[in-house]
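Work through the exercises below. Try each task before you read its solution.

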Amino acid sequence: MVLDELKQYIGKVDPPHVREVEKGAIRRYADAVGNDNPLYYDEEYASKSRYGGIIAPPGFFGWSAKAIAASEGIIGLMTAMINAGYAGILDGGISYEFYLPVHAGDTLVASPRVKDVAAKEGKSGTMMISQFETTYLNQNGDVVAKATQHLIGRQL
Amino acid sequence: MAKEQIYWEDVEVGTELPTLPKIADSLMLVKWAGASGDFNPHHYEDAFGKSQGTGGTIVHGLLKHAWLVQLVTNWMGDEGFMKKFSCQYRGIDRPRLMKTMNEPQDGETWLCKGKVTNKYVDGDEHCLDLEIGVENGNGEKTTPGTATVVLPSRG
């Protein structure tokens with residue numbers, strides 16, 4: 001059974017990624033989105049705000065959630081899905097819980113794990129829905145956010 | 001640059017957020033790929049998109065998510081805090097091609113919309129639940145979602 005094979009990845013934890021949240025990366029991210037909020041690029045404005053300096057837009061952790069997720073357990077599961085014939089991979093969605101703002105200069109530790117895999121009947125046949133959960137801690141050891149992503153594998 | 005801060009008392013269930021229009025064009029998708037680190041060719045090669053069963057190049061789900069984050073965070077202001085956010089990529093969106101180096105061809109404009117669905121106090125936090133979403137040029141919600149924000153209170 002394909003699903004049984006894929007379910008072996010549930011609970012697999014990838015090695016944590018450690019990254020500095022760079023000011024320039026925040027600015028380029030906000031610019032790509034077309035988000036002109038000065039909290040993300042204007043030092044003087046941001047220093048007078050409640051944050052005391054530049055912050056990252058929620059959902060940006062110095063590098064995208066998707067790039068962080070590109071790690072062994074998740075790559076392993078994706079590879080197994082593709083080999084089993086579910087080669088059409090689509091992003092299904094994302095949900096977050098945010099606890100603290102992310103500041104430019106923070107060093108974040110992202111710990112991704114495979115949360116679940118389930119089969120679902122769709123219009124175009126069976127789909128495999130995988131869920132990945134990533135927890136982000138800052139340099140003080142505080143949890144700043146949790147993200148859960150859904151990746152969908154479809155038979156092509 | 002700073003907008004006037006919105007307070008919890010200013011908002012009722014049914015209050016609509018100002019609509020945020022967006023145009024996804026090839027340029028934006030390239031910038032997003034670089035800034036976000038998502039280099040999946042599904043978002044810049046038509047033939048690859050076809051091989052993936054989606055008919056061609058598609059807009060990144062996470063880019064649409066970032067538009068929705070912008071909709072909510074710019075509305076809630078510097079004193080607001082977004083506690084929860086979620087969105088689902090239900091419909092496929094295709095970018096406009098370029099007319100000049102920095103201008104897109106005529107075509108679809110996407111509208112990011114939101115409204116307040118619940119207003120409550122949780123402990124010492126003045127909270128609002130929002131229904132949000134990206135609508136395509138035909139008025140179809142391709143990216144529905146929800147968010148929960150905490151606003152300052154005049155209390």
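**Exercise 1: across the chains**

Strands β2(A) and β2(B) run antiparallel and are joined by five bridges. Strands are DSSP runs of E, at least two residues long, numbered from the N terminus. Two strands pair if DSSP finds at least two bridges between them. This is a predicted model: local features need pLDDT of at least 70, side-chain atom pairs count only at pLDDT 80 or more, and totals for chains, interfaces and linings use all residues. Residues are numbered from 1 along each chain as its sequence is written, chains are lettered from A in the order in which they are written, and side-chain values use heavy atoms, without hydrogens and water.

Task: Find which residue of β2(B) stands opposite G93(A).

**Exercise 2: the salt bridge**

Task: State which side chains meet in a salt bridge (side-chain nitrogen of Lys or Arg within 4 Å of a carboxyl oxygen of Asp or Glu) between chain A and chain B.

Solution: 
1. The rule finds one salt bridge across this interface.
2. D31(A) and K31(B) form it, at 3.2 Å, N to O.

**Exercise 3: strand β5(B)**

Task: Explain why strand β5 (residues 141-150) of chain B is largely enclosed.

Solution: 
1. β2(B) is joined to β5(B) by six bridges, antiparallel. Here F85(B) has A147(B) as its bridge partner.
2. β4(B) is joined to β5(B) by nine bridges, also antiparallel. L128(B) stands opposite V149(B).

Methods
Buried < 20%, exposed > 50% of the residue type's maximum accessible area, 1.4 Å probe, protein only. Helix = DSSP H or I, 4+ residues; strand = E, 2+ residues; numbered from the N terminus.
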